[in-house]
Amino acid sequence: MKEGRGSSLVHLLVVVLSLVAFGFAIAAERRRSVGHIVNDERTNSTYCAYNSDVATGYGVGGFLFLLSSESLLMGVTKCMCFGRPLAPGSDRAWSIIYFVSATFLVAEACLIAGAKTNAYHTKYRGMIYAQNFSCESLRKGVFVAGAVFVVATMILNVYYYMYFTKATTNQTAHKTNRSSSTVGMTGYA
């Protein structure tokens with residue numbers, strides 16, 4: 001491991017888990033439920049018949065994979081709030097900027113809202129409501145928006161971890177250099 005780069009395994013796991021979440025989000029968009037109106041002549045009622053509901057599972061899967069990626073990163077860095085403080089400087093500033101600008105919550109909201117809305121299916125309606133009847137389904141692009149935010153979260157998380165490890169390793173190097181100083185002013189330190 002080179003100085004200030006962090007663990008390659010953490011980088012790899014964050015990227016892989018995020019890419020799997022991205023794949024699930026794209027698959028959910030392609031397989032979202034679409035309904036069509038069916039008239040039942042026997043009971044004189046109208047209802048919606050939906051195709052497969054697999055997109056809900058894909059949306060939840062994407063949600064869980066992105067959650068595990070973020071949990072791994074926050075566990076390793078201790079949410080930047082606990083553990084060793086970061087050394088002052090540009091690495092600390094960039095680490096804080098990437099931490100604050102993470103789009104994790106937006107990506108998770110898109111995925112779980114899309115899964116919830118996709119799982120909702122309109123039930124039977126009588127003939128009275130037939131003229132206003134529509135089969136509700138998820139709008140196009142909700143899972144795609146989630147996928148875009150998953151990729152943005154992945155990129156921000158990789159940079160966050162990179163600058164976080166630089167800020168923690170620079171502090172250790174700075175402390176060792178300071179204690180071995182030969183200036184001769186140790187009484188004032």
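**Ground rules.** I count residues from 1 along each chain as its sequence is written, and side-chain values use heavy atoms, with hydrogens and water left out. The model is predicted, so I take local features at pLDDT of at least 70 and side-chain atom pairs only at pLDDT 80 or more, while totals for chains, interfaces and linings use all residues.

**Layout.** I looked up the elements and found 5 helices and 3 strands in the protein chain, in the order α-β-β-α-α-α-β-α from the N terminus. Both kinds are DSSP runs numbered from the N terminus: helices are H or I with at least four residues, strands are E with at least two. Of the 189 residues, 34% are buried (under 20% relative accessible area, 1.4 Å probe, protein chains only).

**Transmembrane record.** An unreviewed UniProt entry puts "transmembrane region" at residues 6–27, 48–67, 96–120 and 141–162; such annotations may be inferred rather than shown by experiment. I checked two of these stretches. Residues 48–67 are 70% helix and 15% strand, with end C-alpha atoms 34 Å apart. Residues 96–120 come out at 84% helix and 0% strand, with the ends 39 Å apart.

**α1 against α2.** How do α1 (residues 8–30) and α2 (residues 54–77) cross? Their axes, lines fitted to C-alpha atoms over the stretch in contact, come within 8 Å and cross at roughly 165 degrees. That makes the pair roughly antiparallel (an angle over 145 degrees). I noted contacts (heavy atoms within 4.5 Å) that involve, among others, L13, L17 and F24 of α1 and Y58, F65 and L72 of α2. The residues of this contact split into 16 nonpolar, 6 polar and no charged; Ala, Val, Leu, Ile, Met, Phe, Trp, Tyr, Cys and Pro count as nonpolar, Asp, Glu, Lys and Arg as charged, and the others, Gly among them, as polar.

**α2 against α4.** I then turned to α4 (residues 104–119), whose axis comes within 8 Å of that of α2 and crosses at roughly 160 degrees. This pair is roughly antiparallel too. On the α2 side the meeting residues include G59, F63 and E70; on the α4 side they include F104, E108 and L111. By class I get 11 nonpolar, 4 polar and 2 charged residues.

**S95.** Is S95 buried or exposed? S95, in helix α3 (residues 90–100), is buried at a relative accessible area of 0%. Leaving out residues up to four places away in sequence, S95 touches M80, L86, Y160, Y163 and F164.

Terms used. Axes fitted to C-alpha atoms, helices over the stretch in contact; angles between N-to-C directions. Parallel < 35°, antiparallel > 145°, perpendicular 65-115°, else oblique. Buried < 20%, exposed > 50% of the residue type's maximum accessible area, 1.4 Å probe, protein only.
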